[in-house]
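Trainee: Could we go through this model together, taking its covalent link, its charged pairs and its confidence in turn?

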Amino acid sequence: MPRQWALLLFCWLLGSSAALAQPLATLPLQAVGEAQWRLPAGEYRGQFRISTPMTLSCAPGAIIDAQGQGSALTIQAANVSIQGCTLRNWGQDLTALNSGVFIERQASGAQVRDSQLVGAGFGIWVDGTANVSVINNQIEGDQRIRSQDRGNGIHLFSVSGAQVIGNHVWHTRDGIYIDVSNGNRLEGNTLEDLRYGIHYMFSNNNQVLGNLTRRTRTGYALMQSHHLTVIGNRSEQDENYGILMNYITYSTLRDNFVSDVRSGSTGDNMISGAEGKALFIYNSLFNSIEHNHFERSALGIHLTAGSEDNRIAGNAFVGNQQQVKYVATRTQEWSLDGRGNYWSDYLGWDRNDDGVGDVAYEPNDNVDRLLWLYPQVRLLMNSPSIELLRWVQRAFPVIKSPGVQDSYPLMQIPSADLPLASQEPTP
């Protein structure tokens with residue numbers, strides 16, 4: 001009998017946060033139409049749940065304060081819309097999935113729009129729900145808590161058909177975390193001062209369009225996924241990696257702009273190395289990487305661990321301290337249909353003025369390997385002696401190590417890769 005009581009107590013504690021939630025009808029709602037309600041200005045303390053289809057709009061000054069416990073608002077019914085609400089101070093128990101807004105599996109078609117959320121746990125957790133919209137929200141984490149102990153700003157778990165558009169997330173753990181979720185669209189979000197801006201795990205057929213990451217430890221962490229469409233995104237002043245591809249296949253990266261990636265510490269043991277890589281490709285195959293711009297970073301692009309059969313053309317590598325690091329045993333050609341990539345350190349010529357260099361660009365030749373072994377030699381990198389060594393190597397290729405070759409290097413930056421106007425940073 002004591003063991004049964006202990007089990008009942010455990011189950012009660014496990015579900016205590018859900019039990020604390022009160023029906024939304026306990027608040028002084030004002031009817032504004034059929035199944036449409038307005039919450040007047042005021043501070044409302046506690047945790048609340050919505051169990052019938054409805055639209056809830058909040059008047060300016062209406063605040064739901066969860067008093068540091070549970071989830072501020074739990075959506076349990078389909079076709080619920082939350083608009084213009086301020087939610088704050090929910091719980092920080094990540095095991096219990098404490099969230100500003102927790103959207104349950106049966107709440108298909110739920111919408112959270114134009115709301116402000118400030119708290120320690122997850123901002124918005126979508127739990128296996130279909131066709132959810134999370135649009136134009138501001139989500140702020142709690143800086144008093146260690147980064148790894150905060151919740152993610154927006155967390156999609158086993159979700160399909162989600163639209164995550166125009167949100168601003170900062171000081172949470174990850175900005176947007178997508179786990180085993182297929183067929184979703186992330187567009188126009190601004191993600192700042194985080195661990196990872198956008199973090200994909202085991203999620204396929206997703207679109208990542210026109211987002212901005214800034215001052216994160218990794219801008220776009222794309223892992224164990226296939227058929228991703230990653231177009232028109234920006235990474236600014238991120239640390240370690242601008243875009244990280246770990247076991248990504250059959251995906252498209254196009255028209256992305258990565259700048260000023262800084263060297264730092266990874267913060268975990270996931271993948272070693274923190275050289276400030278604009279693009280890191282690890283064990284990723286059969287991808288199209290075209291018309292992207294990578295500039296002013298410690299390392300432009302790093303391929304390793306069998307990352308082969310990727311199509312890499314039309315990109316611009318500008319002013320990176322090291323343009324390419326390639327660790328493999330096969331030579332890779334980085335050009336397509338007679339056009340390669342732009343390299344700011346290319347020293348060849350274009351005698352027929354067709355915009356394509358007459359001499360192949362080979363960033364990982366024996367001279368580069370010499371520089372890796374003896375970094376102090378970099379002081380002479382642009383000297384006549386180094387150029388003589390490269391010329392001798394090309395003229396007498398007795399020993400040629402496998403590496404990257406761009407047979408058609410571009411003489412100018414492709415016009416499509418010119419920098420876009422970035423959004424203003426958070427003050």
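This is a predicted model: local features need pLDDT of at least 70, side-chain atom pairs count only at pLDDT 80 or more; totals for chains, interfaces and linings use all residues.

Trainee: Are Cys58 and Cys85 buried or exposed?

Mentor: Residues are numbered from 1 along each chain as its sequence is written, and side-chain values use heavy atoms, with hydrogens and water left out. Accessibility is classed with a 1.4 Å probe on protein chains only, as buried under 20% relative accessible area, exposed over 50% and partly exposed in between. By that rule, both Cys58 and Cys85 are buried.

Trainee: How far apart in sequence are the parts that the pair Cys58 and Cys85 ties together?

Mentor: Cys58 and Cys85 form a disulfide (a pair of cysteine sulfur atoms within 2.5 Å), with their sulfur atoms 2.0 Å apart. Strands are DSSP runs of E of at least two residues, numbered from the N terminus. Cys58 lies in strand β6 (residues 54-58) and Cys85 in the loop between β9 (80-83) and β10 (86-88), so the parts tied together are apart in sequence by 27 residues.

Trainee: What is the handedness of the link of Cys58 and Cys85?

Mentor: The structure holds one disulfide. The angle about its S-S bond is 80°, and the link of Cys58 and Cys85 is therefore described, by the computed assignment, as right-handed.

Trainee: Which strands hold Arg214 and Glu236?

Mentor: The side chains of Arg214 and Glu236 meet in a salt bridge (a side-chain nitrogen of Lys or Arg within 4 Å of a carboxyl oxygen of Asp or Glu), at 3.2 Å from N to O. Both Arg214 and Glu236 are buried. The pair ties together parts that are 22 residues apart in sequence, because Arg214 lies in strand β25 (residues 212-214) and Glu236 in strand β28 (residues 234-236).

Trainee: What is the relative accessible area of Glu187?

Mentor: Glu187 forms a salt bridge with Arg185, and their closest N and O atoms are 2.7 Å apart. Arg185 counts as partly exposed at 24% relative accessibility, and Glu187 is partly exposed, with a relative accessible area of 27%.

Trainee: How many contacts does the model have for residues 5-17 beyond four places in sequence?

Mentor: The mean pLDDT of the protein is 87, and 82% of its residues reach 70 or more. Over residues 5-17, however, pLDDT stays under 50. Counting a contact as heavy atoms within 4.5 Å, the number that the model has for this stretch beyond four places in sequence is two.

Terms used: pLDDT is the predictor's confidence in each residue, from 0 to 100. Helices (H or I, at least four residues) and strands (E, at least two) are DSSP runs, numbered from the N terminus.
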